[in-house]
Amino acid sequence: MDLDTATERVRLGESLAQIAASYRETLLADLGFDVRQAAPGLMAKETRRFMNRLCRHLGDRCSGDVKVGSALQEWVRQVDDYEAYDALLSGFRFEGRPQVLDLGRKLFPGPLTAHWDE
């Protein structure tokens, strides 16, 4: 799956967790692993790298898109990745933003969060 395909799937309402699971399954299948029997951590780093790139892509290309913003809000409740927080807090306004902003600033050093508006 490429970034544009994943972006379109998010815009159609698929969650980032679903995208991550699908991406991981594809990686495993491409390598000949039985997805049902693969250890949970297998291909986790590769999947996380893809998801970080996807979050960055979504933030850069879909700023303000309500469905994308909702998907990112849900995703940051599941992960503590800078790319997800940065994409969400740099390009989206949403209910509960102050709480997410506070958490993001606690998780990441000041220079990384200085551009996040209140």
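Trainee: Is Asn-52 buried or exposed?

Mentor: Asn-52 is buried, because its relative accessible area is 16% (buried means under 20%, exposed over 50%, partly exposed in between, with a 1.4 Å probe and protein chains only). Keep in mind that this is a predicted model, where local features need pLDDT of at least 70, side-chain atom pairs count only at pLDDT 80 or more, and totals for chains, interfaces and linings use all residues. Residues are numbered from 1 along each chain as its sequence is written, and side-chain values use heavy atoms, with hydrogens and water left out.

Trainee: Where is Asn-52 found, and what is it in contact with beyond its sequence neighbours?

Mentor: Asn-52 is in helix H3 (helices are DSSP runs of H or I with at least four residues, strands are E runs of at least two, and both are numbered from the N terminus). Leaving aside neighbours within four places in sequence, Asn-52 is in contact with Asp-81 and Glu-83 (contact means heavy atoms within 4.5 Å).

Trainee: OK, switching to the largest nonpolar core. Which residues touch the most other members?

Mentor: Leu-16, Met-51, Leu-54, Leu-58, Leu-72 and Trp-75 do, out of 34 residues (such a core is a set of buried Ala, Val, Leu, Ile, Met, Phe, Trp, Tyr and Cys residues joined through side-chain atoms within 4.5 Å). H1, H2, H3, H4 (66-76), H5 (82-91) and H6 (97-107) each supply at least two residues of this core.

Trainee: What does Leu-16 touch?

Mentor: Not counting residues up to four places away in sequence, Leu-16 touches Val-10, Met-51, Leu-54, Cys-55, Leu-58, Ala-71, Leu-72 and Trp-75.

Trainee: And H5, how many of its residues are buried?

Mentor: 8 of its 10 residues are buried, so H5 is mostly covered. Among them are Tyr-82, Tyr-85 and Asp-86. The cover includes H3, H4, H6 and helix H7 (110-113).

Trainee: What about Glu-8, why does it count as partly exposed?

Mentor: Because its relative accessibility is 42%. Glu-8 sits in helix H1 (residues 3-11). Glu-8 and Leu-58 are 50 residues apart in sequence and 9.9 Å apart in space, C-alpha to C-alpha.

Trainee: Last one: how do the residues lining the largest pocket divide?

Mentor: Into 7 nonpolar, 2 polar and 2 charged (Ala, Val, Leu, Ile, Met, Phe, Trp, Tyr, Cys and Pro count as nonpolar, Asp, Glu, Lys and Arg as charged, and the others, Gly among them, as polar). The lining includes Arg-24, Arg-48, Met-51 and Trp-75. A pocket here is an open set of points on a 1 Å grid over the protein atoms alone, where a 1.4 Å probe fits, with protein on both sides within 12 Å along at least five of seven lines, and lining residues have an atom within 4 Å of a point.
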